[in-house]
Amino acid sequence: MAHQDNLNPFLNAQKQVKEACDRLGLEADVYEILKQPLKVLEVAIPVKMDDGSVKVFTGYRAQHNDAVGPTKGGIRFHPNVSRDEVMALSIWMTFKCCVTGIPYGGGKGGIIVDPKTLSQGELERLSRGYIDATYKLLGEQVDVPAPDVNTNGQIMAWMVDQYNKLVGRSALGVITGKPVEFGGSKGRTAATGFGVAVTAREAAKRLGINFNGATIALQGIGNVGSHTGYNMEKLGGKVVAVCEWNGTVYKEDGFDMHALVDYMRKNKTIVGFPGSKEITKSEFFALPVDILVPAALENEITADVAETIQAKFVCEAANGPTTPDGDEVLNRRGILLTPDILTNAGGVTVSYFEWVQNLYGYYWTEEEVEEKEERAMVDAFNAIYKIKEEYNVPMRTAAYMHSVKKVAAAMKVRGWY
């Protein structure tokens, strides 16, 4: 994948930052500092396997920029994790945090592994091993990880437990996305999807689309996709098509999202869901729906795919689902896109709320969390939409301009340039 420059996420991220710096007319020094992470750690993690053998896994942690506060970002377990991917994701995190104005810079981590091949015990030893290898770079006021692709609250709990053992005190706020029983925040699991639905609602308003009865095509129903579906349903939207890695289904009168997710958990596929018909992935992207939501992996909407899209707007729930070429095509065709760093910023916003609650030792109700998240997402949407109109740029460029401005201001007063 990396040999095609267009699909190298690190080069894509750099390109986006450069464009925002240029549009804002910032000094060259700003891009010089922002174009790569301040720190990247690569570690070898030896894990004792159930059969008694030892297997060594490669892990990474990138800390992009801490001008506005500690770095923050998920840890993913995936066979395709690479140094470039982790660096790119850490850059995106810096700007995502700034989108809703939370006091963090970007970080990101990952381990090259297919967690499906590990037993529960092996998974726990790997998770603890990652902390053994990286804990000196982590801390409540230093770098705060969270779950990402193929990681969850249980894995975070093991990691915090390991961190506490190593530092000899309770430091609950060192990692967010924990189970509620162990310092987690109410509303965290649903937070990203809830924020995607709020963003879609705001975009629909601007385009004069009535959300009640709006048709939605949803790619991916993992944690983010499923909660996006539930919340869009609550707002009156109708999910008519769902695409998963092993099959795609369509149902004209809309899915009951809870029933579909239950069906997938049971059958490991969405194909064969009662009343639905199977369609191809390319038919899925070309459906004439109101809203297309890519909530799977990066680089799904290429230029070729973008040419076929008939949705009125695209809501990026996943990180980096649209390639730069895909972006150009959508802009040319006048299709609004709400970018990932805005659309899915609800997750990191509620992670921030979790961290605040950990440091305080005082916890909020789910209603309080949702209300605060909704306010943050609506304010961010409005601020970025305003920049889009003022500078006549796509939403993605506007989101970067909004964030780069904030980071640059913090670096300036700190005397970094």
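## The hairpin

Let's start with a hairpin: two residues link β7 to β8 (strands here are DSSP E runs of at least two residues, helices are H or I runs of at least four, and both are numbered from the N terminus). β7 and β8 (residues 247-250) run antiparallel, paired over four bridges; strands count as paired if DSSP finds at least two bridges between them. Glu-244 sits across from Gly-247 in β8.

This is a predicted model, so to speak of local features takes pLDDT of at least 70, side-chain atom pairs count only at pLDDT 80 or more, and totals for chains, interfaces and linings use all residues. Residues are numbered from 1 along each chain as its sequence is written, and side-chain values use heavy atoms, with hydrogens and water left out.

## On the other side of β7

β7 (residues 238-244) also pairs with β6 (residues 215-219), this time parallel, over five bridges. Ile-216 faces Val-239 in β7, and Thr-215 faces Lys-238. To get from β6 to β7, the chain passes through helix α7 (residues 223-234) in a right-handed β-α-β crossover (clockwise from the first strand over the helix to the second, with the strands pointing away from the viewer).

As for burial, six of the seven residues in β7 are buried, meaning under 20% relative accessible area with a 1.4 Å probe, protein chains only.

## The whole sheet

Put together, seven strands make an open, mixed sheet in the order β9-β8-β7-β6-β10-β11-β12. β9 (277-279) and β12 (336-338) are the edge strands with a single partner each, so one side of each has no neighbour in the sheet.

Technical notes
Buried means under 20% relative accessible area, exposed over 50%, partly exposed in between (1.4 Å probe, protein chains only).
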